[in-house]
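Have the viewer open and follow along.

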Amino acid sequence: MKKFNFNQFFLNSILEMKTKGLARDLKLIKRIDPIRIKYKGKTLINLSSNDYLGLSQNKIIKNYTKKIIDNYGIGSGSSRLISGNFDFHEKVEDLLAKKKKSESTIIFSTGYLANYSVLSSILDSKIFKKDPIVFSDKLNHQCIYEGCKNNNIKFLRFHHNDMNHLELLLKKNLLKNNPKFILSESIFSMDGDFAKIKDLIYLKKKYGTFLFLDEAHSTGVYGKNGFGLSTEFSNEIDCVTGTFSKAFGSFGAYVSCSLKLKNFLINKCSSFIYSTSLPFSLLASIYSAIKIIPKLKKERKKLIKNASFLRNYLIDNNFNINNSQSHIIPIIIGDIKKTMKISKNLEKKGFYVVPIRPPTVPSNSSRIRISLSSFHSKDDIKRFLKIFKKEFKK
């Protein structure tokens with residue numbers, strides 16, 4: 001029998017990606033502070049971090065986390081359905097539910113797992129006795145698509161943020177007595193634009209659908225006291241997910257929903273059932289951040305103001321930023337090699353900006369994706385723009 005060389009096939013796949021300029025590798029960096037890193041011995045301004053408020057380095061959070069570790073220890077030791085459901089887990093969930101104005105919340109280990117496993121659990125024809133029909137924004141995150149990979153789902157994509165197209169698809173399926181779900185992000189991770197939440201709610205009510213909203217990039221930055229764009233509509237959105245790994249500066253994710261849905265997920269969601277619960281160190285940092293975030297109005301205001309300055313400059317100088325409205329600002333280059341070259345040249349001049357290429361974004365839309373922090377100064381942004389403009393002209 002001929003021996004099968006598995007590693008050769010893996011290598012061939014990577015080599016093929018390299019010829020297309022799509023291969024990636026892990027870059028070893030060292031953190032200095034919320035916006036500065038050391039890479040290859042050089043100090044760089046980091047414009048690719050999701051640490052929007054710099055809370056990963058917050059002294060209050062760090063001190064509280066150390067205190068909780070001293071009291072509780074490190075790991076939880078088990079899944080929450082076995083022996084890993086501690087008072088601290090429910091303490092965090094109860095506080096977050098109040099801030100999100102939600103009936104309940106439930107914690108997951110990552111945002112990817114939360115979206116993937118929640119959707120794969122609820123989009124089940126066995127529950128409804130009929131196949132679900134899903135209407136998903138074309139630019140939703142990959143984890144949302146992964147959660148919809150079920151043979152018994154009718155999966156329909158509507159044009160990005162196009163409510164007319166969404167309604168057209170809803171009308172075509174109006175007479176079908178199947179459960180219908182609308183899926184969207186509140187701030188789209190690669191384009192930085194806002195979902196039309198009021199319109200989504202209107203269509204949800206008009207056509208009797210379930211509305212699912214991913215708030216990963218909105219949580220901590222937008223909405224009342226920084227708890228997301230969905231907060232003022234909490235009674236009208238069926239399920240909201242978000243992460244603690246971005247503006248919260250920590251790790252983990254949450255799902256805000258009805259108590260009935262929470263109980264369903266506890267019993268049906270495999271990633272919750274079979275995963276060890278979050279360790280006490282993370283619970284501490286999350287709990288502390290929930291308390292701190294409402295106090296960071298100046299930081300949010302500065303972040304939003306700087307983002308507006310950056311967007312306006314790029315628009316005035318005829319750069320393509322799609323429809324960005326937030327602190328996430330893509331500069332669309334298009335060509336993969338040109339995008340890579342600009343990123344490397346920016347690195348030489350003191351800025352760490354990771355190029356985003358397919359399949360993360362659609363073909364011919366490779367980009368430099370700016371992700372601002374409240375710790376970036378206006379001078380940082382001006383210096384970046386001056387250098388970027390030169391490199392782009394080259």
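Helices and strands here are DSSP runs, numbered from the N terminus. The model is predicted.

Q: Between which two strands does the loop holding Glu-236 lie?
A: Glu-236 sits in a loop. The strands on either side of that loop are E8 (210–214) and E9 (239–243).

Q: Is Glu-236 buried, exposed or partly exposed?
A: Buried needs under 20% relative accessible area, and exposed needs over 50%. Glu-236 has 26% relative accessibility, so the residue counts as partly exposed.

Q: Which residues lie nearest the centre of the second largest pocket?
A: This pocket has a volume of about 250 Å³. Its lining numbers 18 residues. Those nearest the centre are Ser-234, Ile-237, Asp-238, Cys-257 and Ser-258.

Q: Why do the buried residues of H9 line one face of the helix?
A: In H9 (residues 259–268), the buried residues are Leu-261, Lys-262, Leu-265 and Ile-266. Seen down the axis of H9, they line one face because they fall within an arc of 145 degrees.

Q: Which exposed residues does H9 carry on the face turned away from its buried side?
A: Exposed means over 50% relative accessible area. On that face of H9, the exposed residues are Lys-260, Asn-267 and Lys-268.

Q: What span does H12 reach from its first C-alpha to its last?
A: H12 (residues 297–316) has 20 residues. At 1.5 Å a residue, 28 Å is expected. The helix comes close to that, reaching 28 Å.

Q: What arc do the buried residues of H12 cover?
A: Arg-300, Leu-303, Asn-306, Ala-307, Leu-310, Arg-311 and Leu-314 are buried in H12. They are on the same side of H12, because around the axis they cover an arc of only 135 degrees.

Q: Which elements are included in what covers the buried residues of H12?
A: On the other side of H12, Lys-297, Lys-298, Lys-301, Lys-305 and Asp-316 are exposed. The cover over the buried residues includes strand E11 (328–334), strand E14 (366–371) and helix H14 (378–393).

Conventions. Residues are numbered from 1 along each chain as its sequence is written. This is a predicted model: local features need pLDDT of at least 70, side-chain atom pairs count only at pLDDT 80 or more; totals for chains, interfaces and linings use all residues. Side-chain values use heavy atoms; hydrogens and water are left out. On a 1 Å grid over the protein atoms alone, a cavity is a set of points where a 1.4 Å probe fits but cannot get out, and a pocket is an open set with protein on both sides within 12 Å along at least five of seven lines; lining residues have an atom within 4 Å of a point. Grid points are joined across faces, edges and corners, and a volume is the space filled by probe spheres set on the points. Buried means under 20% relative accessible area, exposed over 50%, partly exposed in between (1.4 Å probe, protein chains only). Helices (H or I, at least four residues) and strands (E, at least two) are DSSP runs, numbered from the N terminus. The arc is that of the directions from the helix axis to the C-beta atoms. The expected span of a helix is 1.5 Å times one less than its number of residues. Contact means heavy atoms within 4.5 Å.
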